[in-house]
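Please read them with the coordinates open.

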There are 2 protein chains.
Amino acid sequence: MQKPSLTFSVHPSSGVPIYRQLMDQVQALVAGGKLVHGDTLPSVRQMAADLGVNMMTVSKAYAKLEAVGVLERSRGKGMVVGAPRPEGSISQRQEQLRPLADQAVVRGLQLGLKPSQILDVFKASLEENQP
Amino acid sequence: MQKPSLTFSVHPSSGVPIYRQLMDQVQALVAGGKLVHGDTLPSVRQMAADLGVNMMTVSKAYAKLEAVGVLERSRGKGMVVGAPRPEGSISQRQEQLRPLADQAVVRGLQLGLKPSQILDVFKASLEENQP
DNA sequence: TTAACTGTATTGCAGTAGTAATGCAGTCAT
DNA sequence: ATGACTGCATTACTACTGCAATACAGTTAA
């Protein structure tokens, strides 16, 4: 199933690599449930044309997303959103999340925010990304 | 004031650049209150010898930390932990934290964790980094 | 002043990241 | 079988990153 109105955008001179901007957007859509198992994404050529970039750049993003388990790809067909496949126990997965959490927390403290104020940011982010 | 027992460590082949590993450690110590305004850090040569790396690598880490406002440096003297200087309103600073929070949240969702489980990770991280 | 400490600027170099042009290869409707 | 669509591998080039060797420059106490 092709989702009609998914629009992506990249900012080539933002410092963040194009392929990564694209990855993040797809990943957020999947994590947030806007894209679910079975949905297809625009072809590399389509997406490349839309964004005005080389198709290999798009391909690279897709490839990395497959490596992470977000997408499944097959030559001649297209890119499809993969089935969610949680690996390991809950606490193991929580452990994996820890470094990112630490990074954010340290940054928050360094901004002079109180723990409760930092927590509020996390809560807000959770609400907005809620599936 | 020199803190006697601060020990740093780097893992050169971890993929994370040495200077960044060092930055993160110092930054975490400052954010967590283990290093406060006025404390001095080991000299670049000292630190370089301890870690077994080039002193320019240490210097680079220190330089970046100064750019971020964590340290103050002056030639001939040494590196000193700067005064905390929160900029902008609370909500402005919370806004700055938002991208990092989003990144962590998306990752958590992608790991198949429930919002409450993600929040638990954040709380745990906050406790451990508490000033 | 000088010794012994501080950090810095310059330069070089190897490795990698990011992007792209182009041709190859699988799939499917006709 | 063929055309039109899929994604992929190869190659190449640029720019940047990370690290280091070395020489320079400020500070302070004797």
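1. Basis of the note. This is a predicted model, in which local features need pLDDT of at least 70 and side-chain atom pairs count only at pLDDT 80 or more, whereas totals for chains, interfaces and linings use all residues. Residues are numbered from 1 along each chain as its sequence is written, and chains are lettered from A and ligands numbered from 1 in the order in which they are written.

2. Fold of chain A. Chain A has five helices and two strands, where helices (H or I, at least four residues) and strands (E, at least two) are DSSP runs numbered from the N terminus. Read from the N terminus on, the order of elements in chain A is α-α-α-β-β-α-α, and the C-alpha atoms of the chain fill a box of roughly 50 × 40 × 25 Å along the principal axes.

3. Strands β1 (residues 71-74) and β2 (residues 78-81) of chain A pair in the antiparallel sense over four bridges, pairing being assigned if DSSP finds at least two bridges between two strands. Within this pair Glu72(A) stands opposite Val80(A), and among the three residues between the strands of the hairpin, Gly76(A) takes a positive phi near 90 degrees.

4. Hairpin of chain B. In chain B, β1 (residues 71-74) runs antiparallel to β2(B) and is joined to it by four bridges, with Ser74(B) opposite Gly78(B). The hairpin of β1(B) and β2(B) has three residues between the strands, and Gly76(B) has a positive phi near 90 degrees.

5. Contact between the chains. In total, 38 residues of chain B are in contact with 37 residues of chain A, contact meaning that the C-beta atoms, placed from the backbone, lie within 7 Å. On the chain B side, the elements giving two or more residues are α1, α4 and α5 (115-129), and α4(B) gives the most, with 17 residues. This side has 21 nonpolar, 12 polar and five charged residues, with Ala, Val, Leu, Ile, Met, Phe, Trp, Tyr, Cys and Pro counted as nonpolar, Asp, Glu, Lys and Arg as charged, and the others, Gly among them, as polar.

6. One helix pair across that contact. Helix α1 (residues 18-31) of chain A packs on helix α4 (residues 90-110) of chain B at an angle of about 55 degrees, with the axes 9 Å apart; axes are lines fitted to C-alpha atoms, for helices over the stretch in contact, and angles run from 0 to 180 degrees between N-to-C directions. α1(A) and α4(B) are therefore oblique to each other, since angles under 35 degrees count as roughly parallel, over 145 as roughly antiparallel, 65 to 115 as roughly perpendicular and the rest as oblique. Gln27(A), Ala28(A) and Ala31(A) meet Val106(B), Leu109(B) and Gln110(B) here, and by class the contact has four nonpolar, two polar and no charged residues.

7. Surface near DNA strand D. DNA strand D is surrounded by 26 residues, the closest being Ser43(A), Pro17(B), Ile18(B), Asn54(B) and Gly76(B); a residue is near a strand if its C-beta atom, placed from the backbone, lies within 6 Å of it. α3(A) provides the largest share, four residues.

8. Surface near DNA strand C. Around DNA strand C there are 26 residues, the closest of which are Ile18(A), Val53(A), Asn54(A), Gly76(A) and Ser43(B). Here the largest share, five residues, comes from α3(B).

Technical notes. Contact = placed C-beta atoms within 7 Å.
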